[in-house]
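Hi,

Here is the structure I promised to pass on.

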Amino acid sequence: MTEQAMSTASGQPHSKGPSAFSEWLREGRYLGPLAIALYLAVWFLITEQGFGLVPPIKFPSPWMVIQAAIRTADLIPGDIAATLLRVICGFVVGTALGLGLGLLMSYSKKAQFFFDPLVESMRPVPVIAMIPFFLMWFGIGETGKFLLITLGVFAIIVVSTVEAVRNVPGIYMKAAHSLGANKLQRFRTIIIPAIVPELVGPLRVSAALSFTLVVAAEFMGAQAGLGYRILEARRLFNTDVILLGITIIGLLSAISDTAIRYFTAYLTRWSGRAK
Amino acid sequence: MPQTTASKIAASDLTVVFGSPERQVTALDRVNLSVADNEFVCVMGPSGCGKTTLLNLFAGHLAASSGSLTVNGAPVAGPGADRAVVFQDNAVFPWMTVEDNVAYSLRMRGRPNAEVRDTVDHYLARVGLTDFRKAWPNQLSGGMRKRVEIARCYAANPEVLLMDEPYGALDIMTKERLQEELRTMWLEQPKTIFFITHDLEESIFLGDRVILMSPRPGRIAAEYRPQLPARRDMSIKTTPEFVSLAKELREALQAFH
């Protein structure tokens, strides 16, 4: 066989050795770190220790944020743990329920007819509008916060799943059918793997939404958490702690996004899609 | 040449009408056709002659408006593992490795692992893809993906192979090599093959019988039996028999326009 010059999936040559650095320069991968360094530099220059263009109470300097971090070192780890736990539980359960119902609605026409009006009428309502009810029903405990995130994630994932199933090319289903796969087998071996690439975007969006919702939930009342810490700091005009909280939420969100990207890149390693 | 006995798939007075009651298109008009067991039949015709419709009927992906359609004497009711389809577009599952694709039908039927492994080994070797068993289909060329599909269909051990212009999208060199491979594979392991194509040389090279269809409405216009040796390679394309049949078919095709 001669036509074996191929391999588009692993097509990117991984240059190791002396050319790696020039590759890094040429591809422009340095632009990411450079952008972060520039952003930090501007932040430093316009605040207290730089040219002092903005009053520290309105916009604290990097140095003040670092000091705030040292000052609150005994509280922040607990806040991070509380917030992360809520986000992870809500995201995982919301994703599981959304996937489950989305797949059920795709599998059975009757399930689709039954659930479609419910899902479609619930979806446009911002889940944040439910907060007063959740406070009434569940108080300021964990249940309401968990349900808020779960509901927000669920709404995105259920619709994305139904749409992703619709986009599965019919030829794969026909081929599986003619190879003797029954309906359940076709669902398990064709539909489920085929929708994974389409769910990467919705998963990333709902992870980011989880962080938004957890802060909103913690604003409504909590014993710990980054949103709660920010609200407490606002009460005392500790703007350095507010900015510290915001920075940590941003970092956590970026880390979870990276984790999702690596995980889904592994699941879709067959597709040859760009990382 | 493989033994040809009873009729494997048959159509009688098959008519298919598409469209709304006001604007009807007759895709197939009273088609009568019978393919013998282990016969290699090519259906050739210009686009719009209903040849793919005919294949979809046998595959069970489509229902006829009137007339009857049988496989092994029993009416066709939906797709089945007794009839494997090779499509023109790529139908290799991209999320499965080459070997998992070939193993697919056996796994779906819950065959024991040892049998799955032996069958996969056999057909991968048969199509020359043993070294690529762990590869993802995305890493293969179009011709190699077609080989995976042929191996996958053969591993399913169907009674009938329905092939819908499978090599239509390939370059001429790859196409001819795959034609030789398919012909050899069929000689070694006979199956009833129903092969749709619009390439007249392909139909003569592959088929023991060539059915010519005319367009709008789709009808069987003529039948040819190429008098060529059972074992064929591309050199037969220059033999007088091949050349004169190609000329005859070309003239018949031109008569449709």
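**A buried threonine in chain B**

B:Thr192 is buried, because 25 other C-beta atoms lie within 10 Å (buried is 20 or more other C-beta atoms within 10 Å of a residue's own, exposed is 12 or fewer, partly exposed is in between, and the C-beta atoms are placed from the backbone). Before you go further: this is a predicted model, where local features need pLDDT of at least 70 and side-chain atom pairs count only at pLDDT 80 or more, while totals for chains, interfaces and linings use all residues. Residues are numbered from 1 along each chain as its sequence is written, and chains are lettered from A and ligands numbered from 1 in the order in which they are written.

Back to B:Thr192, which sits in strand β8 (residues 192-197) of chain B; helices (H or I, at least four residues) and strands (E, at least two) are DSSP runs, numbered from the N terminus. Leaving out residues up to four places away in sequence, B:Thr192 touches B:Lys8, B:Ile9, B:Val35, B:Asp37, B:Asn38, B:Glu39, B:Glu159 and B:Val160 (contact means C-beta atoms, placed from the backbone, within 7 Å). B:Pro240 is 48 residues apart from B:Thr192 along the chain, and their C-alpha atoms are separated by 28 Å.

**Where the chains meet**

On the chain B side, 27 residues are in contact with 23 residues of chain A. The elements of chain B giving two or more residues to that side are β6 (83-86), α2 (98-108) and α4 (142-155). By class, this side of chain B has 15 nonpolar, eight polar and four charged residues (Ala, Val, Leu, Ile, Met, Phe, Trp, Tyr, Cys and Pro are nonpolar, Asp, Glu, Lys and Arg charged, and the others, Gly among them, polar).

**Helix pairs in chain A**

Helix α10 (residues 226-235) and helix α11 (residues 239-267) of chain A have axes that come within 8 Å and cross at roughly 160 degrees. Axes here are lines fitted to C-alpha atoms, for helices over the stretch in contact, with angles running from 0 to 180 degrees between N-to-C directions. α10(A) and α11(A) are therefore roughly antiparallel to each other (that label is for angles over 145 degrees; under 35 is roughly parallel, 65 to 115 roughly perpendicular and the rest oblique). On the α10(A) side the contact is made by A:Leu226, A:Arg229, A:Ile230, A:Ala233 and A:Arg234, and on the α11(A) side by A:Val241, A:Ile242, A:Gly245, A:Ile248 and A:Ile249. Those residues divide into seven nonpolar, one polar and two charged.

The axes of α6 (residues 131-138) and α7 (residues 142-166) of chain A also come within 8 Å, crossing at roughly 145 degrees. A:Ile131, A:Phe134, A:Leu135, A:Trp137 and A:Phe138 of α6(A) meet A:Thr143, A:Gly144, A:Leu147 and A:Leu148 of α7(A). That contact has seven nonpolar, two polar and no charged residues.

Most residues other than glycine have a negative phi. A:Phe237 is not a glycine, yet has a positive phi of about 55 degrees. A:Phe237 lies in the loop between α10 and α11 of chain A, and counts as exposed because it has 10 C-beta neighbours inside 10 Å. B:Arg30, also not a glycine, has a positive phi of about 45 degrees. B:Arg30 is in strand β2 (residues 24-36) of chain B and counts as partly exposed, with 16 C-beta neighbours inside 10 Å.

Cheers

Notes
Contact = placed C-beta atoms within 7 Å.
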